[in-house]
Each structure stands twice: as C-alpha cells, then as structure tokens.
Amino acid sequence: MPPPDPSLVRLLSDWLPRQRWFGGKDVPIDELSIGTATELRTGDPALHHLVLDVRQNGAVDHYQLLLGIRRALPERLRPVEIGRAEVEPGLTGHVYDAVHDPDLTAILLDFMADETAVGPLQFRRAPGTGIRTGLEGLPASAEQSNTSLIFDDAYICKLFRRLSPGVNPDLEVNLALSRQGCEHIPAVHGWIELVPGTGDSGEPVTLAMLSEFLRTGTDGWQLALTSVRDWFAQPTPPGPAAEITAGDAGAAGGDFAAEAERLGAATAQVHRDLAAAFGVTQTPPEVLRDIVYGMNEQLDQVTAAVPELRPHAHAIREVFDRVAADAASLPFQRIHGDYHLGQAMRTDAGWFLLDFEGEPARDPAARRALGHPLRDVAGMLRSFEYAARFLLARDGGLPADTAGTLERRAQTWAERNRTAFCEGYAAAGGPDPAAHAALVRAFELDKAVYEVRYEARNRPAWLPVPLRSLARPAG
C-alpha cells in the first residue's frame, strides 16, 4: 500500500477541498490522515482504496478515494491528477483519482462477481444475481455528493464519497424493496463494504452499490423542463394574459400532466412496498406536534437570516400552528426522504425511483427515521414549483410585462402537474393529499423555508423561486 507519506497527505489536503463531492468546503481542514489503505492491484497502474479521516472544527468525517498510481500518466488522466508522491521507497509516481481510469474500475466488477475479500474490504454480490465482468466503467457527468460509475449499458455503481456509519440507507432500502418485488426501482446486483476490524464494534460501512443501469431512462427533471420550455414558447391565447388556464397548458406541446399522474401512481406503489418491507407505526399526536415545533424553529432561524422571507412568516406560522392544534394519530413508515424530480427516471418500462439516502446533510439516524408518506408528496410538489420557475431564474432581467406573463404561465404549469401527480398518487392507493390538505401544505412550506435558506446561502439569484411560490395563499 502507499505509505502515509507526508507528501501524499499534503497533496490530498490541497486536492480534497476542490472536489464537488467534498462536504466541508466552507471550513478549513485542520488535519487529514489516511485511516485505511488497501491495495487492490499491484503493478503499473496500481490501485489502492483509501479512507481519508478529515478533521474540521473538532469533528471528523470520512471520505473514500480510489487512488491510481502510474509511473507515466496518460494525457487523458492529466485533469484528475492529484500530484506526484513517493509511492514506494525511492520511487516517485503520479497519483490520481482512479474512478476516471477504466483500466482500474473494471476490477470492482471482478471482485463483486467473485465476492472477494481484500483486507477490510468485502465485495458482495446480491443473492440470486450474476455480474458481467470485463466491462469498463467511467463516471457519470452530473454528480455532486457521490460518484457514479457507468459500466457500458449494464450497471451503474454508486460510490458513496462521504461515508456514514453502518449500512447506507440507499442500499438498505433498495435491497428491501427488491425482496418485495418492487417494480419501480433498479435491481441491485452487488455492493462493497468496509468490515470493522477485530475488536471493533458496529456494522460494516457501505462503500458502494451496484445497480441495473436504466439505459432508456430520462431524468424527470429534464423531462419537466422540456415541458415548461414548450409551454413558455406557446403563443399567448386571445384575451387578458391573466386568463391563462390549465387547459391552455394541457393543449400545448410537451404537456407533462400524464407523466406526472403516472409518477404519482409509481410513488404510491413504492410507498406501499416500503410499508410492507419495514412496517408501519401508528404515532400519537405528540409526534406531529414535535415535528411542527421543529418547523417553527427552522422558520425562526431562516427569517432572522433572510429578510425576504419575513413578509411570509406570519402566514406560514398560521399553517404550522393549525396543524399542531388539529394533530391526530398518524401512520408513519420509511419514506424516500429527499424526493424530487431529479430522483425519478422515466424509462420504456415506466417510472423508477432512485437515491433513497435521504437528505445528505442529516445524520444517519435522521435519514432512517420514519415519516409520513405525504412528506414525500410535498417534496415532489415543491419540485414542480421549481421546474416551473427554473427558466425564469436563469433568464433574469426580463421586461416586467414579459416576466409577469411567464410567471402566470409558470404557476399554471405547476398547478396542472401538481394536481395530476396527486390524483395519480391517490388513485394508486396513497393517502389522498386533498383529504390532508393542511398537512401537505405544512410539509410544503417547511420545505420551502429550507429552500429559502439554501438559496440565500448558495444561489442568491435563485431566491425568487421559492419566494414566488410562497406568495400564493396558504390553506
């Protein structure tokens, strides 16, 4: 294995904060050390698996890295070079992020197919499945908190860059749904885990998950944006612009409502399978009141930090307080936890749901916590609001009359697809959002407050997107 050479540690300390998937960009690294280093392939090129222990503000996070080592680096790998370091006594080589090297990523499939154990790493194959080998894997382009390797048109292997203790919820949920015969998730073929050392306590840590690659799939967010773009390009119907109706949106090319309804039905079916796999708990009214207390706490924090939210705060708090006052016993179960259009894929076989990790910023216990399925519904409803206004946020500086017309069109598109999604969800057996309007609205507003804080911190130009949707009457 590469020794924890000071020069390699210094290179990693400089390189790590510049990666999209590194979660501590806003805080200096106090200390970086190599927690585990496992040699997966010798020779040139060599492959090593590292777990990096990163200390920031007194807390330690763990990140995984596939480290490639070559004496001479090909031009195609120059952009992912970490630097030059002493990898053996007297030998200096190029070290780089090996997820970009198909000569090395193919090893992962070989090891999972054979259920190989290498040091603390255990490669697993899902029961009853086979894994094709000899395929080259390269990273998908649109990645953020994780890295996904695509192996031809067969598999996608998600590498969890920032590691959480125990079994990752994405693997846990997908394996459970597979056992239920769920038709709306990609099949799991294998995974990689880090096994605790002798005398260590705790579960194995999930490092990666290998799933079926949805080769005919199109991202739900992109489909929705195409529909919005087509709707915005339609000629303005005769009469006042304020009279634009949902029927007008339905008559436009690229109408998304039928897909939204199908997505609602798929969501309800996945919720039903989650309930069968993990069970349902009937919670007392105090649980909902505690949830609303947390909603109000977040509202207080965000209104203090983002003045633009303050005009909406009273109306939002009224919705929260109404839900708390009418709190009743509710069925809670495992849910998706971070549900939006980008977590759904439309294929020739229908809609598939992805990424059951939950919100990455939450701790593992919170991501596994039971919730009401209408929280997922509210997350998707918020995503329709975002899709409707994405193009408006991107094309800032429009004339006032044009911006006003497009905002009315955005709201019409959002309402049409929100309604279709909810109808599909209820018809497929999910709790009817219309019969729980106040609860859904509270979940939506809580998500919108979170969005306001996120946009104010990260994308100030996008702040009008959640604020405009808050302007519609609460109820």
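I started with how far apart domain 2 and domain 3 sit: their C-alpha centres are 30 Å apart. This is a predicted model, where local features need pLDDT of at least 70 and side-chain atom pairs count only at pLDDT 80 or more, while totals for chains, interfaces and linings use all residues. Residues are numbered from 1 along each chain as its sequence is written, and side-chain values use heavy atoms, with hydrogens and water left out.

Next I looked up the bounds, which come from an automatic or database domain assignment. I noted domain 1 as 6-100, domain 2 as 102-212 and domain 3 as 218-471.

Then I checked who touches whom. I found 21 residues of domain 2 in contact (heavy atoms within 4.5 Å) with 19 residues of domain 3.

How much area do domain 2 and domain 3 bury between them? I got about 1800 Å², with 56% of it on carbon and sulfur atoms. Buried area here is the accessible area (1.4 Å probe) that two parts lose on being put together, summed over both. On the domain 2 side, I saw Pro169, Val173 and His184 supply 32% of the area buried against domain 3, more than any other three residues.

I also looked for charges pairing up. Between the two domains I have 4 salt bridges (a side-chain nitrogen of Lys or Arg within 4 Å of a carboxyl oxygen of Asp or Glu). I looked up the Lys158 and Asp355 side chains, which meet in a salt bridge at 2.6 Å, N to O.
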